[in-house]
Amino acid sequence: MTAVRPDTPVNLDKALYRVSEAMELLSLSRSVVYELIRSGRLRTVKEGRSRLVPASAIAEYVELLEREAQGEVA
């Protein structure tokens, strides 16, 4: 698992985020975030009945987008 790096462009103050919080951090709609989860592009964990997004998963997703924008293959 990749740790959140200090140069991560997203301000991640907590270890785990609810899906609604991840939506806000990523500026994405609910349906898009759930599609990312289903497709495996955004990792989540479950605690009881709650689905949570680790801060490291948000950082990894942003890094993936940056790599894709630069033309690198994921």
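Student: Leaving aside neighbours within four places in sequence, which residues is Val-53 in contact with?

Tutor: This is a predicted model, where local features need pLDDT of at least 70, side-chain atom pairs count only at pLDDT 80 or more, and totals for chains, interfaces and linings use all residues. Residues are numbered from 1 along each chain as its sequence is written, and side-chain values use heavy atoms, with hydrogens and water left out. Contact means heavy atoms within 4.5 Å. On that basis, the partners of Val-53 are Ala-15, Leu-16, Tyr-17, Val-19, Ala-22, Leu-42, Arg-43, Thr-44 and Ile-58.

Student: Which residues have the most contacts inside the largest nonpolar core?

Tutor: A nonpolar core is a set of buried Ala, Val, Leu, Ile, Met, Phe, Trp, Tyr and Cys residues joined through side-chain atoms within 4.5 Å. Buried means under 20% relative accessible area, exposed over 50%, and partly exposed in between, with a 1.4 Å probe and protein chains only. The largest such core has 18 residues. Its most connected members are Leu-42, Val-53 and Ile-58.

Student: Which helix gives the largest share of this core?

Tutor: Helices (H or I, at least four residues) and strands (E, at least two) are DSSP runs, numbered from the N terminus. At least two core residues come from each of α1 (19-26), α2 (30-39) and α3 (55-69). The largest share is seven residues, and it comes from α3.

Student: Why do the buried residues of α2 line one face of the helix?

Tutor: The residues in question are Val-33, Leu-36 and Ile-37. Look down the axis of α2, taking directions from the helix axis to the C-beta atoms. The buried residues line one face because they fall within an arc of 100 degrees.

Student: What do those buried residues of α2 pack against?

Tutor: Start with the other side of α2, where Ser-31 and Arg-38 are exposed. Just after the helix, Gly-40 takes a positive phi of about 85 degrees. The buried residues of α2 pack against α1, β3 (50-54) and α3.

Student: How many salt bridges does a search of the whole structure find?

Tutor: The criterion is a side-chain nitrogen of Lys or Arg within 4 Å of a carboxyl oxygen of Asp or Glu. One example joins Lys-14 and Glu-21, at 2.7 Å from N to O. Lys-14 is partly exposed at 38% relative accessible area, and Glu-21 is partly exposed at 29%. The search of the whole structure finds four.

Student: How many residues apart in sequence are the parts tied together by Glu-68 and Arg-41?

Tutor: These two form a salt bridge, with the closest N and O atoms 2.9 Å apart. Glu-68 lies in helix α3 and Arg-41 in the loop between α2 and β2 (45-47), so the pair ties together parts whose separation in sequence is 27 residues.

Student: Which residue forms a salt bridge with Arg-43?

Tutor: Arg-43 is partly exposed, at 32% relative accessible area. Arg-43 sits in the loop between α2 and β2 and its partner in helix α3, so the pair ties together parts 17 residues apart in sequence. The closest N and O atoms are 3.2 Å apart, and the partner is Glu-60.

Student: Which side chain does the side chain of Ser-56 make a polar contact with?

Tutor: Ser-56 is in helix α3 and is buried, at 9% relative accessibility. A polar contact is a pair of N or O atoms within 3.5 Å; within protein, one must be able to donate a hydrogen and the other to accept it, and residues adjacent in sequence count only if both atoms are side-chain atoms. The distance here is 3.0 Å, and the partner side chain is that of Arg-43.

Student: How far apart in space are Leu-25 and Ile-58, C-alpha to C-alpha?

Tutor: Leu-25 is in helix α1 and is partly exposed, at 29% relative accessibility. Leu-25 and Ile-58 are 33 residues apart in sequence. Their C-alpha to C-alpha distance is 8.5 Å.

Student: What percentage of the residues of the protein chain count as buried?

Tutor: The chain has 74 residues. The share that counts as buried is 32%.
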